[in-house]
Amino acid sequence: MTGPTGDVVERATVGFTDQYDAPAAGLWAAPGRVNLIGEHTDYNDGFVLPFALPMRTVVAADRRDDERWTVWSELSGETIDFDADDVAEPGRVTGWGAYVAGVVWALRDAGHAVPGARLAIASDVPLGSGLSSSAALESAVLAALLDLAGLELPAERLPRLAQRAENVYVGAPTGIMDQSAVIRCRVGHALFLDCRDESVEHIPFDLDAAGLTVLVIDSRAPHRHADGEYAARRRSCEAAAEALGVPALRDVTVDQLDAALARLDDTETRRRVRHVVTEDQRVLDTVALLRAGRVRDIGPLLTASHVSMRDDFEITVPEIDTAVEAALSAGALGARMTGGGFGGCVLALVESDRADAVSDAVRAAYAERNYTAPTTVPVLPAPGATRLR
Ligand code: GLA
């Protein structure tokens with residue numbers, strides 16, 4: 001997880017001044033996220049339990065008098081420019097700029113007037129690691145544009161706007177988890193989100209007090225066919241729900257699972273359904289343990305989630321499985337892949353005094369297999385998107 005050096009707020013601030021020869025009117029930030037548990041449940045109307053990361057995307061911005069948007073990003077080092085025509089319909093701006101143009105489009109499509117703006121973007125959220133760098137970018141830009149426009153929308157409406165930018169403008173069929181996490185998470189808490197009605201409960205997740213650490217291990221595995229496989233999983237879940245005559249797989253409970261599986265004749269579909277239904281239950285069980293202050297006891301649920309993703313949903317890759325196994329062998333209380341799959345990150349719940357030993361064990365297992373060395377970072381639940389000044 002290496003990137004540009006120096007403080008991210010400073011980089012966005014200086015980037016803005018360098019680009020536009022004037023100070024920004026304000027600064028907005030949105031974090032990356034990890035999902036503690038509840039994978040591929042969001043688009044099945046189910047439950048998720050993400051928390052926000054300390055790594056953030058920061059946007060420095062001011063208004064323009066015309067309907068143009070100029071955006072500089074430190075990641076590409078380039079400045080892009082688009083106008084009202086480019087956001088009249090999805091798809092006209094491509095590449096990273098699509099996430100920014102998508103937010104302008106989504107706001108205008110929802111009937112809001114969005115002023116032209118100049119933006120400078122810096123980020124500590126690693127790209128392509130499954131930590132929601134796209135949701136962080138969309139949400140930071142959304143927060144900036146709303147303030148510049150003088151629009152006050154209720155926080156619970158914002159995730160859908162950011163998600164529409166990604167689903168419709170960019171064209172990625174993702175669920176509501178990432179944008180909800182990035183926008184609605186609170187420091188020291190995990191966000192228990194019901195993806196059907198978008199109700200949330202902030203669940204205390206005080207790792208420090210429990211003497212625990214969550215290690216985020218970037219597997220460094222190249223994303224292999226992630227987009228196509230994600231869409232395929234989603235289609236298969238939707239088809240299964242239809243075959244079972246329920247609005248979404250969320251409507252099948254673990255008690256009904258065997259009967260539901262018996263009604264599906266395709267073994268692959270049965271595995272997909274089993275993952276989603278059991279994963280929803282694991283989220284509920286994790287929340288119950290956390291509410292009871294039993295943080296340590298969630299470890300086995302995390303590991304069971306991983307096994308389900310590996311064997312039933314089939315979205316893990318060898319690097320990811322290696323990291324999970326090595327972490328567990330070195331004493332992690334639980335470990336699982338987090339995010340969409342086919343690469344990305346693993347999270348491991350460890351006793352704080354075992355964190356180094358677990359990191360070393362994962363690195364050693366990687367070295368033995370000649371995989372690109374992984375990076376490991378201890379994280380604590382951080383705040384969601386906010387205006388910095
Ligand atoms: C990606 C998507 C989310 C969610 C996860 C899997 O992160 O953006 O909506 O589906 O995968 O849980």
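The model is predicted, and its residues are numbered from 1 along each chain.

Around the ligand stand Arg 33, Glu 39, His 40, Asp 42, Tyr 43, Thr 174, Gly 175, Met 177, Asp 178, Tyr 230, Gly 339 and Gly 340.

For Arg 33, an N or O atom of the side chain is 3.0 Å from an oxygen atom of the ligand. Glu 39 places a polar side-chain atom 2.7 Å from a ligand oxygen, and for Asp 42 the distance between a side-chain N or O atom and an oxygen of the ligand is 2.5 Å. The ligand taken alone exposes 300 Å², of which the protein buries 94%.

Attention now turns to helix 8, which covers residues 267–291. Because each of its 25 residues is taken to contribute 1.5 Å, helix 8 should span 36 Å, and the 36 Å between its end C-alpha atoms agrees with this. After helix 8 comes Gly 293, with a positive phi near 75°.

Methods. This is a predicted model: local features need pLDDT of at least 70, side-chain atom pairs count only at pLDDT 80 or more; totals for chains, interfaces and linings use all residues. Side-chain values use heavy atoms; hydrogens and water are left out. A residue is near a molecule or strand if one of its heavy atoms lies within 4 Å of it. A polar contact is a pair of N or O atoms within 3.5 Å; within protein, one must be able to donate a hydrogen and the other to accept it, and residues adjacent in sequence count only if both atoms are side-chain atoms. Accessible areas come from the Shrake-Rupley method with a 1.4 Å probe; for residues, only the protein chains shown count as cover. Helices (H or I, at least four residues) and strands (E, at least two) are DSSP runs, numbered from the N terminus. The expected span of a helix is 1.5 Å times one less than its number of residues.
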